[in-house]
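Here's a quick tour of one structure, starting with its sheet and ending with its pocket. Have a look at the model first.

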Amino acid sequence: MEILDFISKEKLQRLQDLFSTATGVAACIVDTEGNHITEDSNFLDFCIKYTRGSEIGLKRCQKCDLEGVGTYFCHAGLMDFAADIVVGGEKLGAIVGGQVLPAPPDFDKFRKVAEEIGVDPDEYIEALKKVPIKTEESIRASADLMKEMINMLVNSESVRNRDKHKIGTIDKEIEVTTKNVEQIEGMVQDLTKVSRKQNILALNASIEAARAGEAGRGFNIVAGEMGKLSSMATEKYSAIIAKAGEIDESLKKINQEFSKGVADGE
């Protein structure tokens, strides 16, 4: 199961963009292989262009990506986060982001980092100045909020998609059953006609047996029994048609209730 199987990228992107705009925290959504599902929101040159843009910086960032859990400090001193997206107990991806400073930066420290990873210190510091500064508490709260929002959205869409599929299956089965009921009614009506013809034949046989006198007495008894059986069969066929009609009505009511539930968003 993939996230985009039941929710559009546009919905995820909109919520992610709103979150990043409101909090100043960078974010993106990836699948279980680390491939981007959404486009980056609020990602900074400090991280993308400079830190990850250098060979040494990229290796350090990748190490943090693999080892980072929850909200954590990256190797450069910024705070990042990673939160799983889980549906029905199955991990389908993660929300990753951060790129926020928990306190005003020590520029000398970051100059040393720039030298270590082979980046121009002055450009690195200029990029650093554009990194948002928030308290550690607000950063952690923002990460938790993003996790809750995305998981609620994804799970609600999963349930909606699952119910929609169920309704489609039920509608299909109701249609098949309704057709079967109609076919049963048609066949019973044909049998009823046959039964009536049998009844007429039995009556004619009784008349002919009566004309035959004593010689046709035994045949007259058989003809009478045939007439009784034919009448009983006609009654049973009528009862079957009535029951088939009741089943048809029940199926219609079930279909109406499920359609009403879907329309009401239940």
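## The sheet

β2 and β3 run antiparallel and are joined by four bridges; strands here are DSSP runs of E with at least two residues, numbered from the N terminus, as are helices (H or I, at least four residues). Two strands pair if DSSP finds at least two bridges between them. Within this pair, T71 sits opposite F81 in β3.

Zoom out and you get an open sheet of four strands, in the order β1-β4-β3-β2, with antiparallel pairing. β1 and β2 (70-73) are at the edges with a single partner strand each, so one side of each has no neighbour in the sheet. From one strand to the next, the twist averages 20° (axes are lines fitted to C-alpha atoms, and angles run from 0 to 180 degrees between N-to-C directions).

## About the model

This is a predicted model, where local features need pLDDT of at least 70 and side-chain atom pairs need 80 or more, while totals for chains, interfaces and linings use all residues. Residues are numbered from 1 along each chain as its sequence is written, and side-chain values use heavy atoms, leaving out hydrogens and water.

## The largest pocket

The largest pocket holds about 780 Å³ of space. A pocket is an open set of points on a 1 Å grid over the protein atoms alone, where a 1.4 Å probe fits, with protein on both sides within 12 Å along at least five of seven lines; lining residues have an atom within 4 Å of a point. The volume is the space filled by probe spheres set on the points, which are joined across faces, edges and corners.

Of its 36 lining residues, V30, R52, D65, Y72 and V96 are the closest to the centre. β4 gives the largest share of the lining, six residues.
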